[in-house]
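Thanks for coming. I will show one structure and walk through how its parts meet.

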Amino acid sequence: MHMFDGLAISASGLTAQRFRMDVISSNIANANTTRSEYVDGQWLPYRRKMVRFEPMPGGFASALQKAMGRGAPGKGVVAKAIVGDPTPFQQVYMPEHPDANEEGFVLLPNVDILKEQVDLLTATRMYEANVTAFQATKAMLTKALEIGRG
Amino acid sequence: MIHLSPFMELALDAAALRQQVLANNIANAETPFFRRSDVRFADVLTEAYQRQAFVGKRTDPRHIPFGAQTEPTIQVIQEGRLMNSNAQSNVDLDYEMAAMSQNALWYQALVQQTSKALAKYARVLEGR
């Protein structure tokens, strides 16, 4: 157990949530992007991206503690991967659009602005929760310095 | 000889560890299939108290030990199961935040107690 592990854990949460906010911003910014990848002579629209979180691996020390039945506090969270949303693209009838097919339909990204707004709010709140946890840990460490000061 | 209550150190250790565990729960609140952990503290204290209360003294290694002989260990336990398939993890943010502020206050109280105990010795040393 290290003294500043608590701060590092909260910091990992901050990093993960900030990363998630970046991805959400990218989704919102690209909500109308029709040319993202060029596949088989055809442009595909932007595919909505999501972040996959995983607990940070604890390494040998935490495995040993766990095997001894004591358990370990964990090391925090890590944004392991960015995954594409497999839902189908929106099809909108816009014959004047440069990327419209023969029937006049355009493939638009599978980004739902409402969903992104909700995710953004959740990420913000989670970020704040981690900040609060960080401050609580910091207050405890500061208090520990007062031991024996009388 | 300065002798602080062993419970105090144990409680401080447990509170510091609990802070880490709660911080980890909060950090992983949105991790799929994450199960929250917590620190067993009341049990540990009771165990330590019982150990203090009655321990058979062994003057020979062949004697059968009785009374709790083991050092009390602060245990981190993984709690509960996932509430439903829809839930990402079983972390309740409100609960974690409440537990965290409670834990921080508890820690500060312990620090104050320890400081007071040490202040007593300081007074004795002054001799006034």
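**A:Arg20 and its surroundings**

Leaving aside residues up to four places away in sequence, A:Arg20 touches A:Val51, A:Phe53, A:Asp119, A:Thr122, A:Ala123 and B:Glu30; contact here means heavy atoms within 4.5 Å.

Some conventions before I go on. This is a predicted model, in which local features need pLDDT of at least 70 and side-chain atom pairs count only at pLDDT 80 or more, while totals for chains, interfaces and linings use all residues. Residues are numbered from 1 along each chain as its sequence is written, chains are lettered from A and ligands numbered from 1 in the order in which they are written, and side-chain values use heavy atoms, with hydrogens and water left out.

Back to A:Arg20, which lies in helix 1 of chain A. Helices (H or I, at least four residues) and strands (E, at least two) are DSSP runs, numbered from the N terminus. Is A:Arg20 buried or exposed? A:Arg20 has a relative accessible area of 12%, so it counts as buried; the cut-offs are under 20% for buried, over 50% for exposed and partly exposed in between, with a 1.4 Å probe and protein chains only.

Its side chain and that of B:Glu30 meet in a salt bridge, at 2.3 Å from N to O. A salt bridge is a side-chain nitrogen of Lys or Arg within 4 Å of a carboxyl oxygen of Asp or Glu. Between chain A and chain B the count is one salt bridge.

Now the interface as a whole. Which elements give two or more residues to the side of chain A that touches chain B? They are helix 1 (5-29), strand 3 (49-55) and helix 3 (113-144) of chain A. Helix 3 gives the most, with twelve residues. In total, 39 residues of chain A are in contact with 35 residues of chain B. The area buried between the two chains is about 2800 Å², and carbon and sulfur atoms give 68% of that; buried area is the accessible area (1.4 Å probe) that two parts lose on being put together, summed over both. A:Pro73, A:Met140 and A:Lys143 supply 23% of what chain A buries against chain B, more than any other three residues.

Next, chain A by itself. Three helices and six strands make up its elements, in the order α-β-β-β-α-β-β-β-α from the N terminus on. Its C-alpha trace spans about 80 × 35 × 20 Å along the principal axes. Of its 150 residues, 29% count as buried.

Other salt bridges are found within the chains. Over all chains, a search of the whole structure finds 13. One of them pairs the side chains of A:Arg48 and A:Asp119, at 3.2 Å from N to O. A:Arg48 is in the loop between strand 2 (42-44) and strand 3 of chain A and A:Asp119 is in helix 3 of chain A, so the pair ties together parts 71 residues apart in sequence. A:Arg48 counts as buried, at 5% relative accessibility.

In chain B, B:Arg36 forms a salt bridge with B:Glu96, the closest N and O atoms being 2.6 Å apart. This pair links distant parts of the chain, B:Arg36 in the loop between helix 1 and strand 1 and B:Glu96 in helix 3 (residues 93-126), 60 residues apart. B:Arg36 is buried at a relative accessible area of 5%, and B:Glu96 is buried at 0%.
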